[in-house]
Amino acid sequence: MTGARALDRARPEPLWAQLLTDLRRRLEAGEFADAFPGELGLVGEYGVSRHTVREALRRLRDEGTVVAGRGRTPRLAEPTEIRQPLGALYSLFSSVEAAGLSQRSVVRTLEVRADGVIAARLRLEESTPLVYLERLRMAGTSPLAVDRVWLPERIAAPLLDVDLTHTALYTELAQSCGVTLTGGREDIRAVIPTPAERDLLAVGPDVAAFAIERLGLVGTEAVEWRHTLVRGDRFTVTADFSARGGYRLGLTR
């Protein structure tokens with residue numbers, strides 16, 4: 001159902017919060033694709049005060065959904081693009097915050113498990129216990145990536161006691177485990193997310209994703225295998241180059 005839903009003044013929830021909930025519903029339904037209504041339009045549509053409308057709009061502005069200023073008609077904000085450099089040991093945490101968005105993670109799994117395939121990629125015996133971390137990475141209020149990481153338990157066990165909802169994994173790896181990555185190899189390819197992955201990332205079937213696989217090293221020792229699935233509509237890979245040095249992209253057939 002599209003259109004405004006009546007607000008209930010008998011409910012204990014403030015009117016601005018009810019209005020905010022209904023505006024989010026309408027936004028998710030794509031109702032304001034052409035234009036977002038102004039303050040006076042919302043006052044008339046919902047039968048509330050201008051103060052109520054302004055408080056709901058302030059919350060939408062704070063979460064980056066709309067752009068609204070004094071004397072200006074609110075409008076939908078353009079999605080902020082997250083940029084990552086090629087050839088750098090980047091942190092997705094840092095890149096999200098550098099784009100001016102709050103970074104948060106929903107920890108879906110944090111446990112010790114054995115995985116023969118991943119252990120082989122880490123050049124370990126197949127039965128080696130690994131710390132497995134799976135997170136849904138958020139940029140502002142929107143899902144950005146599904147991040148899956150495997151690390152040898154012998155070095156990463158302290159992470160099992162760390163709150164990883166708002167911190168960079170590499171920071172915690174250094175502080176809690178005394179391990180700092182020095183390099184590695186990364187492969188990036190375009191993929192079509194599965195239906196389950198689309199649900200997690202809140203994207204439609206027309207949005208592709210980047211699949212990023214990383215082998216993280218300390219010197220020559222493999223200490224991290226990571227698979228990250230990032231929304232293609234919010235993420236850009238960039239490369240610096242020069243006339244003398246150029247840059248090199250590896251292509252797989």
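Leucine 151 lies in strand β6. The model is predicted, with residues numbered from 1 along each chain as its sequence is written. Local features need pLDDT of at least 70 and side-chain atom pairs pLDDT 80 or more, totals for chains, interfaces and linings use all residues, and side-chain values use heavy atoms, without hydrogens and water. Helices (H or I, at least four residues) and strands (E, at least two) are DSSP runs, numbered from the N terminus.

The secondary structure of the chain comprises eight helices and 10 strands. Of the 253 residues, 42% are buried. Buried denotes a relative accessible area under 20%, exposed over 50%, and partly exposed the range in between (1.4 Å probe, protein chains only). The accessible surface of the chain is about 14,300 Å², and carbon and sulfur atoms contribute 49% of that surface. Accessible areas follow the Shrake-Rupley method with a 1.4 Å probe; for residues, only the protein chains shown count as cover. Among contacts (heavy atoms within 4.5 Å) with a separation of 6 or more, 56% involve residues 24 or more positions apart.

Leucine 151 is buried, at 1% relative accessible area. Beyond its neighbours within four places in sequence, leucine 151 contacts Leu130, Val131, Ala156, Leu159, Leu173, Val223 and Glu224.

Aromatic pairs were assigned to rings of Phe, Tyr and Trp (its six-membered ring) with centres within 6.5 Å; planes under 30 degrees apart count as stacked, over 60 as edge-to-face and the rest as tilted. The ring centres of tyrosine 132 and tryptophan 150 are 5.0 Å apart and their planes lie at 40°, so the pair is tilted. Tyrosine 132 belongs to strand β5 (residues 129-139) and tryptophan 150 to strand β6 (residues 142-152), so the pair ties together parts 18 residues apart in sequence. Both partners are buried: tyrosine 132 has 4% relative accessibility, and tryptophan 150 has 9%.

Helix α7 spans residues 169-177, and its buried residues are Leu169, Tyr170, Glu172, Leu173 and Cys177. These residues cover an arc of only 160° around the axis, which puts them on the same side of α7. The arc is taken from the directions from the helix axis to the C-beta atoms. An α-helix has 3.6 residues a turn, so residues three or four places apart point the same way. The buried residues of α7 pack against β5, β6, α6 (153-156), β8 (209-218) and β9 (221-231). Glycine 178 follows α7 and has a positive phi, near 70°.
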